[in-house]
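Dear colleague,

Please find below the structure that I am handing over to you. My notes on what was found in it follow directly after.

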Amino acid sequence: MGNYKIICFANQKGGVGKTTSALNIAACIARSGKRVLFIDSDPQGNATSGLGIVKRTITHSVYDLLIGRANWETTAINTNVRGLSLIPSSINLVGAELELVDEADREYRLRNALRGAEARFDYIIIDCPPSLGLITINSLTAAKYVVIPVLCEYYSLEGLSQLTTTIKHIKRLYNPNIELLGVLVNMFDGRLNLSIAVLEEIKRHFAGKLFRTPIPRSVKISEAPSHGMPITDYDRNGKGAAAYSAVALELMKRCESGGN
Ligand SMILES: Nc1ncnc2c1ncn2[C@@H]1O[C@H](COP(=O)(O)OP(=O)(O)OP(=O)(O)O)[C@@H](O)[C@H]1O
Ligand SMILES: [Mg+2]
């Protein structure tokens, strides 16, 4: 135990950039020479395909971990990014929440399946689905840290307070170690007054927790997954790659210093 680095990207609001951010940050961390395991716990499997994995070739997935049929060692596969391994998602994850309803330890399945993985990987990054259901609960129970990607929109703060309440519940019920590592502003447009106003509001609520570099809205960022590449490979000199590299550095620093 101790300073293990399992980081969950969560927000029950859809389309805020959980997958995009988790994947690109994981790739940046791997690029810096660390060993990284990425867990795609979203049935949509966007991260799995974004990493260039063809879904019909998958034999094992996060589903097998949740159902208790496999562990990380038998499910992790290599990706095109050196140092980045993946436990892919599969469509049968859709049913996992229902299948687990009556099972003992249903909140701890992912944590149990990851036992020993901290010794093999420097960072474990989990991409959550847009809900606060059992899959997200499993991810938050397994994690040490949460990163919350947000958009600078009017309703963002409402969603944030719901999520921080959930994190408090998880801390009390299943995982006393869980900590908010940071709030990451995505698709930021500094020309919009609303974006700037919401950013100020987020700063007020999450003082030291906001990552210094916002991720800009960028067509290249949205194109990269269809080429099965992280932004640092697809458009290595662009502003998206620069922003994600900066955030990845800041995130690693925070983890090294135990979350601050
Ligand atoms: N910085 C950005 N600039 C431009 N497009 C972006 C950016 N971040 C994300 N997108 C695009 O926005 C959409 C939603 O992003 P993403 O899938 O990462 O969000 P999500 O929170 O994981 O969604 P879901 O809740 O469905 O899992 C995608 O089409 C993605 O390519
Ligand atoms: Mg997603």
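In which helix is Tyr244 found? Tyr244 belongs to helix H13, which covers residues 239-256; helices here are DSSP runs of H or I with at least four residues, strands are runs of E with at least two, and both are numbered from the N terminus.

Before the details, a note on conventions. This is a predicted model, in which local features need pLDDT of at least 70 and side-chain atom pairs count only at pLDDT 80 or more, while totals for chains, interfaces and linings use all residues. Residues are numbered from 1 along each chain as its sequence is written, chains are lettered from A and ligands numbered from 1 in the order in which they are written, and side-chain values use heavy atoms, with hydrogens and water left out.

Tyr244

Tyr244 counts as buried because its relative accessibility is 0% (buried is under 20% relative accessible area, exposed over 50%, and partly exposed in between, with a 1.4 Å probe and protein chains only). Leaving aside residues up to four places away in sequence, Tyr244 touches Thr20, Ser21, Asn24, Ile25, Cys28, Asn186, Ile215, Ile221 and Ile231, where contact means heavy atoms within 4.5 Å. With one of these residues, Ser21, the side chain of Tyr244 makes a polar contact through the side chain, at 2.9 Å. A polar contact is a pair of N or O atoms within 3.5 Å; within protein, one must be able to donate a hydrogen and the other to accept it, and residues adjacent in sequence count only if both atoms are side-chain atoms. The C-alpha atoms of Tyr244 and Thr213 are 8.3 Å apart in space, and the two residues are 31 apart in sequence.

The protein as a whole

The protein has 13 helices and seven strands. Its radius of gyration of 17 Å agrees with the value near 18 Å that a compact globule of 260 residues would have; the radius is taken over C-alpha atoms, and the globule rule is 2.2 Å times the number of residues to the power 0.38. The C-alpha trace spans about 50 × 40 × 35 Å along its principal axes. Of the 260 residues, 54% are buried. Among contacts between residues at least 6 apart in sequence, 80% join residues at least 24 apart. The accessible surface comes to about 11,700 Å², and carbon and sulfur atoms account for 52% of this surface. Accessible areas come from the Shrake-Rupley method with a 1.4 Å probe, and for residues only the protein chains shown count as cover.

Ligand 1

Which residues come nearest to ligand 1? Of the 19 residues around the ligand, they are Lys18, Thr19, Thr20, Asn186 and Ser218; a residue is near a molecule or strand if one of its heavy atoms lies within 4 Å of it. A polar side-chain atom of Thr19 is 2.8 Å from an oxygen atom of ligand 1. A polar side-chain atom of Asn186 lies 2.9 Å from a nitrogen atom of the ligand, and a polar backbone atom of Ser218 is 2.9 Å from a nitrogen atom of the ligand. On its own, ligand 1 has 630 Å² of accessible area, and the protein covers 80% of that area. Helix H1 (18-31) and helix H11 (219-223) are the elements that give two or more residues to the shell, and the largest share, three residues, comes from H1. The shell holds six nonpolar, nine polar and four charged residues; Ala, Val, Leu, Ile, Met, Phe, Trp, Tyr, Cys and Pro count as nonpolar, Asp, Glu, Lys and Arg as charged, and the others, Gly among them, as polar.

Thr19 itself is placed in helix H1 and is buried, with a relative accessible area of 16%. Its side chain is joined to that of Asp127 by a polar contact of 2.7 Å.

Loop residues

Most residues other than glycine have a negative phi. Asp105, in the loop between helix H5 (96-100) and helix H6 (109-113), has a positive phi of about 60° and is partly exposed at 47% relative accessible area. Met187, in the loop between strand E7 (179-186) and helix H10 (193-205), also has a positive phi, near 55°, and counts as partly exposed at 28%.

Yours sincerely
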